[in-house]
Amino acid sequence: MKILNPQAPSRRSRTGMQAALLGCMFLGLFTEVLLSPYYPQFFHQVFGIEDYSYTGLYLFVCRLTVVLCSPLWGWLTRKWEAKRLLLIGQAGTALSTALLAQADSATEFLILTICLLIFKSSYMLIYPIIMELSDNGAQAGSAAKFHAVHHTAVLIAALAGAHMLQMEHPLTLFYGAAAADVIQLCVCVVVLWGWNSAAKKDDRRESGGSKGLLRNLLHDRTIVMLGLLFLTLTIANQVVRPFFTPYVEKDFGLSIELAGLLFLLPHVCALILLPFLRSLAKPGRLPVAYMVGVGAMAIGLISQGMTESIGGLIAGRILYGMFLAITMAVLDVILFGRQQGASAAIAFSVMVSFQTAGELLSPLISSFLSIQVGLNAPLLAAALLCLVNGLLFKWSNIYSTPKEATTWGVHGSKTS
């Protein structure tokens with residue numbers, strides 16, 4: 001996909017459009033992750049469901065819906081403009097979100113959530129539009145802004161989610177979320193009015209070459225090994241999320257608000273480290289940084305799962321969050337150091353597929369371990385996965401210094 005549109009608006013206009021679209025991404029992510037740390041408590045309070053396996057099933061169905069629908073929206077851009085599809089998706093999202101507030105049962109809530117995610121999957125189209133509006137050479141900065149917006153949205157949404165559970169009728173908050181979706185729709189109508197993308201024409205011209213690049217990448221041992229590293233690291237990160245707040249509430253006697261704050265610590269660490277990742281992830285430091293990173297993550301996870309003190313839990317949470325950001329950055333540097341141009345975009349889409357597979361498996365693994373072993377078991381399993389990941393990195397020997405120094409400024413990986 002070509003990033004620049006020769007008929008794009010002025011730089012000042014494009015900057016304003018990007019800012020508005022990033023605001024839309026913030027609102028979209030905010031409503032999406034509103035209940036992320038609190039699903040077990042939410043299903044118990046609203047629908048009387050205490051079985052943790054239902055949370056795992058719910059998350060699996062949600063992520064499977066996104067996996068199936070996201071490529072569909074991408075395919076539709078071959079026939080219709082991305083901005084038109086985005087507006088349709090936002091309108092459907094607003095309606096579906098409002099209907100969630102009227103759900104009478106967990107089954108109805110799940111069905112409406114699936115409808116919501118079918119439309120909300122269209123939000124993936126915002127990111128390519130933001131990148132197309134970037135000046136030449138400025139895509140890295142745009143991606144860094146996107147990453148910062150992502151973590152900020154997760155932080156604020158988790159705090160709002162804790163407040164939601166204190167409401168007498170928590171579902172009514174979805175009316176507010178629907179109003180936010182309507183605001184997004186109005187903003188996108190205004191800022192994208194009259195803007196035409198050059199991506200559709202360029203994608204059609206490059207489609208044949210893209211298929212050949214994809215075949216070549218899938219036969220590249222290094223790409224497959226990188227995919228396995230992304231897969232195992234994603235599972236290690238995601239498997240600890242669904243039942244972390246119930247674990248903190250039950251084993252440490254903390255309130256749901258404090259449990260939510262502890263849940264957010266890795267995101268805080270990621271935001272703090274964002275300005276320093278460029279220097280930490282220089283090519284010459286990559287192998288050592290990665291091995292130290294996954295080892296520190298494992299120690300942090302073990303500390304969280306084995307400690308009986310709040311101090312140990314906090315220290316383990318901080319250690320885990322700091323080095324998660326570093327290890328994911330190293331994988332990005334390796335990937336984009338080996339691939340350039342169109343092959344880089346396709347290679348990244350392959351990595352996203354591995355990550356998505358990890359996101360699908362993690363809630364099922366987490367609910368099984370929590371029920372069969374205990375609420376701390378996902379933390380210990382994640383620590384083991386980090387060690388396996390480190391051994392895989394060492395054994396694969398995938399890193400070699402690129403012929404040209406890699407300038408890193410992008411964090412494209414999912415870390416939440």
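**Notes on the predicted model**

1. Glu-308 is an exposed residue, with a relative accessible area of 79%. The residue sits in the loop that joins H14 and H15. The model discussed here and in every point below is a predicted one. Across the sequence, Glu-308 and Asp-251 are 57 residues apart, yet their C-alpha atoms are separated by 8.1 Å.

2. As to the overall architecture, the chain contains 17 helices and zero strands. Of its 416 residues, 53% are buried. Taking contacts between residues at least 6 apart in sequence, 85% join residues at least 24 apart.

3. The next points concern helix pairs. Two packed helices are described by the angle between their axes and the distance between the axes. For helix H4 (residues 82-100) and helix H5 (residues 106-120), the angle is about 165 degrees and the axes are 7 Å apart. H4 is therefore roughly antiparallel to H5, since an angle over 145 degrees falls in that class. The crossing of H4 past H5 is left-handed.

4. Which residues form the contact between H4 and H5? On the H4 side they are Ile-88, Gly-89, Gly-92, Thr-93, Ser-96, Thr-97, Leu-99 and Leu-100. These meet Phe-109, Leu-112, Thr-113, Cys-115, Leu-116, Phe-119 and Lys-120 of H5. By class, the residues of this contact comprise eight nonpolar, six polar and one charged.

5. H4 also packs against H8, at an angle of about 165 degrees and with the axes 7 Å apart. On account of that angle, H4 is roughly antiparallel to H8. H4 passes H8 in a left-handed crossing. From H4, the contact draws on Lys-83, Leu-86, Leu-87, Gln-90, Ala-91, Thr-93, Ala-94, Thr-97, Ala-98 and Leu-100. From H8, the residues include Phe-174, Tyr-175, Asp-181, Gln-184 and Leu-192. The contact of H4 with H8 divides into 15 nonpolar, four polar and two charged residues.

6. Is Gln-184 buried or exposed? Its relative accessibility is 0%, so Gln-184 counts as buried. Leaving aside residues up to four places away in sequence, Gln-184 touches Cys-24, Leu-27, Gly-28, Gln-90 and Tyr-123. Gln-90 is among the H4 residues that take part in the contact with H8.

7. Asn-237 is buried, because its relative accessible area is 4%, below the 20% cut-off. With which residue does the side chain of Asn-237 make a polar contact? The partner is the side chain of Tyr-320, at 2.6 Å.

8. In helix H11 (residues 244-252), the buried residues are Phe-244, Thr-245, Pro-246, Tyr-247, Val-248 and Phe-252.

9. H14 contributes residues including Pro-287, Tyr-290, Met-291, Val-294, Met-297 and Ala-298 to the contact. Among the H17 residues that take part are Leu-379, Leu-380, Ala-382, Ala-383, Cys-386 and Leu-387. The contact of H14 with H17 has 16 nonpolar, four polar and one charged residues.

10. Finally, Ala-329 is located in helix H15 (residues 310-338). Ala-329 counts as buried, since its relative accessibility is 0%. Ala-329 and Ala-289 lie 40 residues apart in sequence, and their C-alpha to C-alpha separation is 9.9 Å.

Methods. Residues are numbered from 1 along each chain as its sequence is written. This is a predicted model: local features need pLDDT of at least 70, side-chain atom pairs count only at pLDDT 80 or more; totals for chains, interfaces and linings use all residues. Side-chain values use heavy atoms; hydrogens and water are left out. Buried means under 20% relative accessible area, exposed over 50%, partly exposed in between (1.4 Å probe, protein chains only). Contact means heavy atoms within 4.5 Å. A polar contact is a pair of N or O atoms within 3.5 Å; within protein, one must be able to donate a hydrogen and the other to accept it, and residues adjacent in sequence count only if both atoms are side-chain atoms. Axes are lines fitted to C-alpha atoms, for helices over the stretch in contact, and angles run from 0 to 180 degrees between N-to-C directions. Helices (H or I, at least four residues) and strands (E, at least two) are DSSP runs, numbered from the N terminus. Angles under 35 degrees count as roughly parallel, over 145 as roughly antiparallel, 65 to 115 as roughly perpendicular and the rest as oblique. A crossing is left-handed if the near helix is turned anticlockwise from the far one by less than a right angle, and right-handed if clockwise. Ala, Val, Leu, Ile, Met, Phe, Trp, Tyr, Cys and Pro count as nonpolar, Asp, Glu, Lys and Arg as charged, and the others, Gly among them, as polar.
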